[in-house]
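Subject: The two-chain model

Hi,

Here is the model I promised to pass on. Could you open it next to this message while you read?

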Amino acid sequence: MQFRVLCRGGLLSLRGMAATVCAALLLAGCGGDDAAGKKDGPDFARLDAFPSTYSIEQSRPVLISGATLLTGTGEKLENTDLLLKDGKIARIDDGIKAPRDALVVDGKGKWVTPGIVDVHSHLGNYPAPAIESSQDGNEMTAPNTAEVWTEHSVWTQDPQFPLALAGGVTTLQILPGSANLFGGRSVTLKNVPGRRVQDMKFPGAPYGLKMACGENPKRVYGGKGQAPSTRMGNVAGYRKAWIAAQDYKEKWEKYAAEGGEEPERNLELETLAGVLNGDILVHNHCYRGEEMAVMMDISREFGFQISTFHHAVEAYKVADLLAKNNVCAAMWADWWGFKHEAFDMTEANIAIVDQAGACAMIHSDSAVGIQHLNEETAKAMVSAQRAGFDIGPEHAVTWMTLNPAKALGIADRTGSLEKGKMADVVVWSGNPFSVYSQAEKVFIDGELMYDRDNPARQPRSDFELGIIEAEGERL
Amino acid sequence: MKRFLIQLLCLGLFAGAAHAETLLIKGGKVYTLSGQGTLAQGDVLVRDGKVEAIAPSISERADRIIDARGKVVTPGMIAPLSELGLTEVSAASATNDYAVSGESIGSAFDPRPAYNPKSTLIPYNRAHGVTRAVVFPSISTWGEGAGELHRVFAGQGFAIALNGNFDSVVAEQLGQKAYLGELGSQLAGGSRANAFARIETALAEAREYLNNRDAIRRGNWRELGHSLADLEALQPVIQGQQPLVVTANRASDILQALKLAEEYKLQLIIQGAAEGWMVADQLAAAKVPVVIDAVNNLPISFESLGARFDNAARMHKAGVTVAISGPGYGSTHLVHLARQSAGNAVVHGLPYEEALKAITTNVARIFGIEGGVLSPGGVADVVVWSGDPLEVTSYPEQVLIGGEPQSLVNRSTRLRDRYLKPEQGHEMGYKF
């Protein structure tokens, strides 16, 4: 069954499900909350090239009454009401009176969390069914493909999107794979049905740049007899590219300031320059502690910030350095052993990173795992407690909500139950850190996008219609 | 030699060397998964590696008492169809012994000589409550050997106890494994029909060999498509003494496998069975058990479009014996995650005790090995859990294998303890 194991976790398999990667740029805190802000100077991020057409039609108020709220800001509020209005979190209080026309959800015995944010997914670019012709996640043709944008690969009808929604995932970052030193741009999506990827794009979310350390790039290109074939070859590849990007950025800045002949556009360098000016966040697939430390030095050498190390199996070894450098780590609860760089796994990884003061989060990199991120977080929480740390649900919930939102530069808009934020909310049947609890209702921008009690309010992709029985439903 | 044996004994390397101890596990909620049912509060007495008695209260003296009040006691988990002891790092080919490529060997492949009881995967999974495992070879479809494979039989299985002892193989020649469906098709030249034909041809030749052994061995027979070693290895299968594990996910592939089982009177086990719920009645009627990945609800291939969370519940309801394996991403390194999968199966309708059985009793029963229940005279593979064993926040506090308390230390806990507070300097290199 190794072939299945290898489909995930950063290995390239026959099925072509490559692995992944990541790192992002942090501007403030552990993430780039204002990364997408307008700046003077050249527009390297090009947010308007394929603009988001995301919208939510209805905004009937929603009152969830008397539930246990994990706010994502460190609080657990029992028997509390939550009002969603105009797509936003409007009020958290006792005894809120339901507005006229409100959808009232009896929250007695239920728990409520912010919508889950998965910082690492391949839904849409490695869709199901995983047939060769739809494996569009990794442009494995050169070690630097910073010019590709993974949104151009996303198949919106991937039936895995609705499954993730049923698991409480409201926002997810789709990343290119990890074969390349620079894999290309990521895209952050709201988990809603869309005819086009633009309909799903999280409005205003900054782009990410996927980078990859370690085994994958050196194996893929070394195996073809080209660079890189070693980890030092990887690093030379990063530094050469950043030197070129610095030069490109300076040319365009000079042009913006002084005019003259317009420099030639280069898609690859444009993305890297967008990192250097802080508009694009670095999401860096990096397993080993040593390599994370080297990557942080490279970011200092060239003056950019890494947002997040993904698949950071050894983040715990350098947790203090992550905290000092303001870099997040996205981790699994227990995955290990599929490659040598994933061998030194400890289940206390998230706990140790968190306790060292760095921004820690769970991530999936898996269309199965993304449906169970609450369970994965629960395992990490128990590992924290077994390691002697005093960490309860009110804190652990940030590992699947606020911290990934920070890593994506959208924590000012989603990731916690705070007044004015997007009403991305999950109503759980019970404590979400139990295997027996399920997401019962999932709201995105205040709209009920998934209702376990109402099959008519459970989205299905085009692919699923008539796929088993012409007149029946797949699920 | 004698001195060598003494050294082994001193090092504690002989399983069973310390069997004399009696243990009394007191006051836990005991799921026997046997005729004794569930005791809300009960004691389990263990002597000489066996369970001696289970009762609401046992007052017999014991060398050691384990206080299980407020805890839950179950048989140890048994992993079905793992590659434990045959792999260390999936992507490091030198550490892998679970598959061979080429045509020279198929059903005769016996991976036992490659089994490594000191694999780091063993203490790790033991610490998570796995006490036994069925180990089967598989066919690798990735990496250097990919695409060169032209057979559908992977070879023979065996079973291990996860005590890390050199003599921890507890059952041999447990059966054969072969591939149908998409994987079979890939291995057999591009059509699942040919994978089916290959299995059928092998069985037919094995039968021919059985009926004409002497002539065939003398060379006085037509040329057969399989080596004598392969045909010998298939004898227990065609005589109904060993099961044949067949991978199949699509409902129609499962039905084809059932047909084959009927024709050759096979003890069939279906591995995968993503669409098993669609043919659950047929599986039940044929008394064919399944080994499934209970969290695989992805229509990840065209042969598993019907994959769904309540597959286990629906098959159980129809009367199919269900065993649950680790998830696809954890079929060996993380076999213990079958427990989380079983918990998910409960959420989707599998009765609670049936879910426990799916990771213990049913595995033992399907493969005909010891364990999987707590009953007097049975092997004392016992786990004392901090709470509900199917809950993700519970964990094993005590693990007994063959009556012996096991260490729960593993590389995950060692690395945790070394790096609990990571800091600059060289001292961490001296923390063990």
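First, the ground rules. This is a predicted model, in which local features need pLDDT of at least 70, side-chain atom pairs count only at pLDDT 80 or more, and totals for chains, interfaces and linings use all residues. Residues are numbered from 1 along each chain as its sequence is written, while chains are lettered from A and ligands numbered from 1 in the order in which they are written.

Chain B has 13 helices and 18 strands (DSSP runs numbered from the N terminus: H or I of at least four residues for helices, E of at least two for strands). Along the principal axes, the C-alpha atoms of chain B fill a box of roughly 65 × 55 × 50 Å. Buried residues make up 58% of the 432 in chain B (buried: 20 or more other C-beta atoms within 10 Å of the residue's own; exposed: 12 or fewer; partly exposed: in between; C-beta atoms are placed from the backbone). Among the contacts in chain B with a separation of 6 or more, 70% join residues 24 or more positions apart (contact: C-beta atoms, placed from the backbone, within 7 Å).

Chain B splits into domain 1 (1-75 + 373-407) and domain 2 (77-370), with bounds that come from an automatic or database domain assignment. Their C-alpha centres lie 29 Å apart. The contact between them takes 23 residues from domain 1 of chain B and 26 residues from domain 2 of chain B. On the domain 1 side, β5 (72-75) and β17 (396-401) of chain B are the elements that give two or more residues, and β17(B) has the largest share, three residues. That side divides into 15 nonpolar, five polar and three charged residues (nonpolar: Ala, Val, Leu, Ile, Met, Phe, Trp, Tyr, Cys and Pro; charged: Asp, Glu, Lys and Arg; polar: the others, Gly among them).

Now the two chains together. Their contact takes 45 residues from chain B and 54 residues from chain A. On the chain B side, α10 (338-347) and α13 (411-418) give two or more residues, and α10(B) gives the most, with five residues. The chain B side divides into 24 nonpolar, 17 polar and four charged residues.

The largest nonpolar core has 267 residues, and those with the most contacts inside it include A315(A), V353(A), A133(B) and I324(B) (core: buried Ala, Val, Leu, Ile, Met, Phe, Trp, Tyr and Cys residues joined through C-beta atoms within 7 Å). Both domain 1 and domain 2 of chain B give residues to this core, so it lies between them.

In chain A, N284(A) sits in strand β11 (residues 281-285). N284(A) is buried, with 32 other C-beta atoms within 10 Å. N284(A) and S307(A) are 23 residues apart in sequence and 8.0 Å apart in space, C-alpha to C-alpha.

Best wishes

Notes. Two residues are in contact if their C-beta atoms, placed from the backbone, lie within 7 Å.
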